[in-house]
Amino acid sequence: MRLLIDNSGYALKNYGDLAMLLVNVKRFKQYFPAAEIFIFTEEPEKLKDLLPFALPVSPSGRNVWLMPWNLFGALHKFVPSILHPWLLRKERLIKHMYPNASRRWVKRRLLKRGVNIAPMVEYLDAVEQADVVIASGGGFITDSFEYHACSLLQTIALAQFYGKPTALFGQGLGPVKSKEILSWVSCVFPKLNQLSLREGHFSKPFSLLSGVNPSVMDVTGDDAISLANSMAPQKLGSNLGVNLRLAGYSGVGESAVSAFKKILTKAAMDLDTELCGLPISFHEGDSDLSSLRSILGDDAIDINVFDSIDKLVKQVGGCRVVITGSYHAGVFALSQGVSVIAVVGSDYYRQKFEGLNGQFTVGCQIVDQESSFFEESLKKAIHHSWTSADITRPALLKKAAEQISLSEQAYNKFFETVAKRK
């Protein structure tokens, strides 16, 4: 069996994305030991280090395939610019409805222009020759990641055209206003063989409105829960964990750093504990390292401590409470019975953490950075989480176990569907 896996982090620099991918691959490999597994990545050598048996597929080939005007050519130059969006939609629709004919035409045009089409051919062959095409967990079907969402959904749509079983696992959906995303969602979701959701409060109604068959949809929690929970220590740690995500989609900016530093330094002193930096993203554009070093000091974070996802998860497990602006720092903590205080500054992150809170029901307080009472609310949340951490831990671990079970059941349901078609 040939399995093609799309995912939410092609650079493999976000430990949340990576955790979901690793769990996804592990479960498929356990059920289908002989499967050939192909994974979209920009870092083939890094993928080889992580998963020696996995075969890389470059997303650059899809970028060539989806490149505007590679089907209609210069036609857009002869129509008013106001019609260009409509023309682009028609081009994408033709590629979707007639991929084989479109492939031949695009290949011919690009060869004439001297474009290297090898990556495009590799991408199209990977989809056509796969037996199963899926996406591992992510929160990319949202306006902030429109290009990634539409590109991935078009891959799933292409696989569905060829009659492949398709699935999306561990998905957090929305918020979405983008007509382009909604268009591809309405095309793909009704034909899915499995849709597993991180949470039910937001993602479930979105999915139902998008036409998914309720029988293939399950609310399972985040796939990364399995990885983190397997490393949970026997007892609570003593550190105060810290994560801060400075990015456009997080809504938390540089102005928040000084307030964080002041509050956290005072909290650590009052609680007689150590602050422990917990970077999740190592992307240059939104690296958690730079923001944490601004709060904790340049020498406070040893990059060698975070050269593997296991080390990071263990650092999280050594905390009593985690204060985070990153969703997966919260997932890693709650899954190990560590209480979380989520600092949010955008609708995207409010929805993420409200959904996460709904899955665990306890141990996850949300503090809005845009509130005029932000500092006071954060101080109270730290005190409450710290004093109640021992009481909360058993309930968190129980909720983690329940979600792991639901997730495994959803995977097995899809595996049985695939096995019947072989």
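A salt bridge here is a side-chain nitrogen of Lys or Arg within 4 Å of a carboxyl oxygen of Asp or Glu. The model is predicted, so local features need pLDDT of at least 70 and side-chain atom pairs count only at pLDDT 80 or more, while totals for chains, interfaces and linings use all residues. Residues are numbered from 1 along each chain as its sequence is written, and side-chain values use heavy atoms, with hydrogens and water left out.

## Salt bridges

By this rule there are 15 salt bridges. Three of them can be set side by side:

| Pair | Closest N to O distance |
|---|---|
| Asp 6 and Arg 62 | 2.6 Å |
| Lys 413 and Asp 218 | 2.7 Å |

Let's begin with Asp 6 and Arg 62, joined by a salt bridge. Asp 6 sits in strand β1 (residues 2-6) and Arg 62 in helix α3 (residues 60-65), so this pair ties together parts that are 56 residues apart in sequence. Helices (H or I, at least four residues) and strands (E, at least two) are DSSP runs, numbered from the N terminus. Both Asp 6 and Arg 62 are buried, a word that stands for under 20% relative accessible area, with exposed meaning over 50% and partly exposed in between (1.4 Å probe, protein chains only).

Now for the salt bridge between Lys 413 and Asp 218. Lys 413 belongs to helix α16 (residues 374-421) and Asp 218 to strand β8 (residues 217-219), so the parts tied together are 195 residues apart in sequence. Lys 413 is partly exposed at 27% relative accessibility, and Asp 218 is partly exposed too, with a relative accessible area of 23%.

Arg 350 and Asp 347 both lie in helix α15, three residues apart, about one turn of the helix. Arg 350 is buried, at 16% relative accessible area, whereas Asp 347 is exposed at 54% relative accessibility.

## Nonpolar cores

A nonpolar core is a set of buried Ala, Val, Leu, Ile, Met, Phe, Trp, Tyr and Cys residues joined through side-chain atoms within 4.5 Å. The largest has 66 residues, and Phe 28, Ile 39, Ile 134, Phe 332 and Phe 414 touch the most other members. Helix α1 (residues 15-31) gives the most to this core, with nine residues. Apart from it lies another core, of 46 residues, among them Ala 149, Ile 181, Leu 192 and Val 212.

## Cavities

On a 1 Å grid over the protein atoms alone, a cavity is a set of points where a 1.4 Å probe fits but cannot get out, and its lining residues have an atom within 4 Å of a point. Two cavities of 30 Å³ or more are found in the structure, a volume being the space filled by probe spheres set on the points, which are joined across faces, edges and corners.

The largest cavity has a volume of about 120 Å³. Of its 14 lining residues, Gly 172, Leu 173, Arg 198, Glu 199 and Lys 352 lie nearest its centre. Helix α15 gives the most to this lining, with six residues.

The second largest cavity holds about 100 Å³ of space, and its lining includes Trp 65, Arg 92, His 96 and Trp 184. Here α7 gives the most, with four residues.

Conventions:
1 Å grid on protein atoms, 1.4 Å probe; cavity = no way out; pocket = protein on both sides within 12 Å on 5 of 7 lines; lining within 4 Å.
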